[in-house]
Amino acid sequence: MLGVLRKLGALAINGVWRLGFITRFFWMVLLYSGQSFTRLHLTIRELYFSGVMSLLIILVSGLFVGLVLGLQGYETLQRYGASDSLGTLVALSLVRELGPVVAGLLFASRAGSAVTAEIGLMKVTEQLKAMDMMAVSPIARVVAPRFWGGVISMPLLAALFSAMGVFGGWLIGVVAIGVDDGAFWAQMQAAVDFRYDVINGVIKSCVFGVAVALIAVFEGYDCVPTAEGVSRAITRTVVSSALAILALDFVMTSFMFRG
Amino acid sequence: MSEPLVRLENVRFAYGERAILRDISLSIPRGKVVAIMGGSGCGKTTLLRLIGGQEKARSGRVLVDGQDVARLGRDDLYAMRRRMGMLFQFGALFTDMSVFDNVAFPLREHTELSPELINDLVLMKLHAVGLRGAAKLMPAELSGGMARRVALARTIALDPMLLMYDEPFTGLDPISLGVIGQLIRRLNDALGASSVIVTHDIQESLQIVDYIYFISEGRVVAEGTPDDIRNTSDPFVHQFVHAEADGPVPFHYPAGDYATALTGGAA
Ligand SMILES: Nc1ncnc2c1ncn2[C@@H]1O[C@H](COP(=O)(O)OP(=O)(O)OP(=O)(O)O)[C@@H](O)[C@H]1O
Ligand SMILES: [Mg+2]
């Protein structure tokens, strides 16, 4: 009994410690971010690795999610004779929730894990120490560009995910099932509010971008410098990112969409 | 004699609870090449980290060019490190850059030189270590000894005032070994720099260095010029120079009784 309590206590203290570390680390990254913008090529390279390389999985997943939404949405809506609203349903689900959340989860497992692995391996092979010895800050040179690469890619990827999803919904609804094309788009246009829906969705994806990118670079930078340490860090990146995205999503949704 | 470039005064250092350096005092005079020797795991790499300011001594002082490294702020420390070059024990090449870019890295980071000039400088450094032809290769395509030589070229790229080499001779064939040894000596003299070599290769060191320190169990146990060392009667140095298994240098990491461990007791 005492043992369990002790373990719980240790877990809590450990958690708070890590939260403290990651906050301080976040501050350092922001402090050293100057170079990511004065030497843009570093950040652009990371944009390519995080963003462009994630395009395929994001586009394909977006399409499939849209297809499923189209099928399920139509199935439900036609019971109430509201199948004309399919466009609204698909677009709202994607823009408000599925776009940012699913794209965020995919992004964490595709790009976040890669960033953690890369930084972790650089630590294992003493590349970060060597850089530090050469009077070049690893946070400025290695961490900050990867962080900003992730932060910038994420909203763009989420937007593309949503666009692909809407296209998938249209394919199923209009092309395959035969919902009226004009109604599909007109209802969507009327129901989706730019300020309320689109902007809020973009805010969500930006917040997820910061969360995933921060977790990914932190876990890599902080890992135990062994093969096992890196593999654990990668797992932690994926798990913590997923939890962070889902929890943040709940919090933000409750503030943004209270009807 | 002027003030030595590096001076360690009664330095004590521990990783956590495990004392590594107990009481080290030594100095590296300007313009000289100094070797630091000792058994594996005795804290030689740690010593270089202390000089480079990557670790801080628990007590005692580490003075580089008259400044206490542990007390420098980040900017001052970085300013000092620009004038230091450290060859890492395992090379620590940047694996995402070609050999050329690795050597160019410090030049690009710290100077405003034109690309043409950087190109020439890099090729000169690579030529010095005999790897000009390997400029386009990636670190993964190099052998261990080649990687070490590229790392050496990167270390000397900025012509530092203090050069630290952590095991520069490991993994080199006898020919490269001689060449690199001579290179370290020549660089030191040409740049007017000071060098520290951490090494096990006593024969090579005796030929190129000015002074040798032996470290064991966290203390300097012997020191002297190569001539002193060759003629010494000190049992420690004798064991080291003649590579004998028995003597004051422990081969084993501290452990419990061997027989007890083998017969099932806790190690
Ligand atoms: N980061 C660390 N954390 C804890 N202990 C460490 C760490 N680095 C080294 N040690 C311990 O400190 C001791 C000295 O290590 P160091 O790397 O300085 O040895 P060394 O003299 O360079 O050995 P070698 O000749 O094998 O390279 C070792 O016994 C090692 O177990
Ligand atoms: Mg060592």
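Biologist: Which side chain meets that of Arg18(A) in a salt bridge?

Modeller: This is a predicted model, in which local features need pLDDT of at least 70, side-chain atom pairs count only at pLDDT 80 or more, and totals for chains, interfaces and linings use all residues. Residues are numbered from 1 along each chain as its sequence is written, chains are lettered from A, and side-chain values use heavy atoms, without hydrogens and water. A salt bridge is a side-chain nitrogen of Lys or Arg within 4 Å of a carboxyl oxygen of Asp or Glu. At 3.1 Å from N to O, the partner of Arg18(A) is Glu219(A).

Biologist: How many residues apart in sequence are the parts that this pair ties together?

Modeller: Helices here are DSSP runs (H or I, at least four residues), numbered from the N terminus. Arg18(A) lies in helix α1 and Glu219(A) in helix α9 (residues 194–222), so the parts tied together are apart in sequence by 201 residues.

Biologist: How many salt bridges does a search of the whole structure find?

Modeller: Side chains of opposite charge can pair when their charged atoms come close. Over all chains, the search finds 27 salt bridges.

Biologist: Which residues of α8(A) make the contact with α7(A)?

Modeller: Contact means heavy atoms within 4.5 Å. From α7(A) come Val166(A), Gly169(A), Trp170(A) and Val174(A). From α8(A) come Asp181(A), Phe184(A), Trp185(A) and Met188(A).

Biologist: How many helices and strands does chain A have?

Modeller: Strands are DSSP runs of E, at least two residues long. From the N terminus on, the elements run α-α-α-α-α-α-α-α-α-α. The secondary structure of chain A therefore comes to ten helices and zero strands.

Biologist: What box do the C-alpha atoms of chain A fill?

Modeller: The box is taken along the principal axes. Its dimensions are roughly 65 × 55 × 30 Å.
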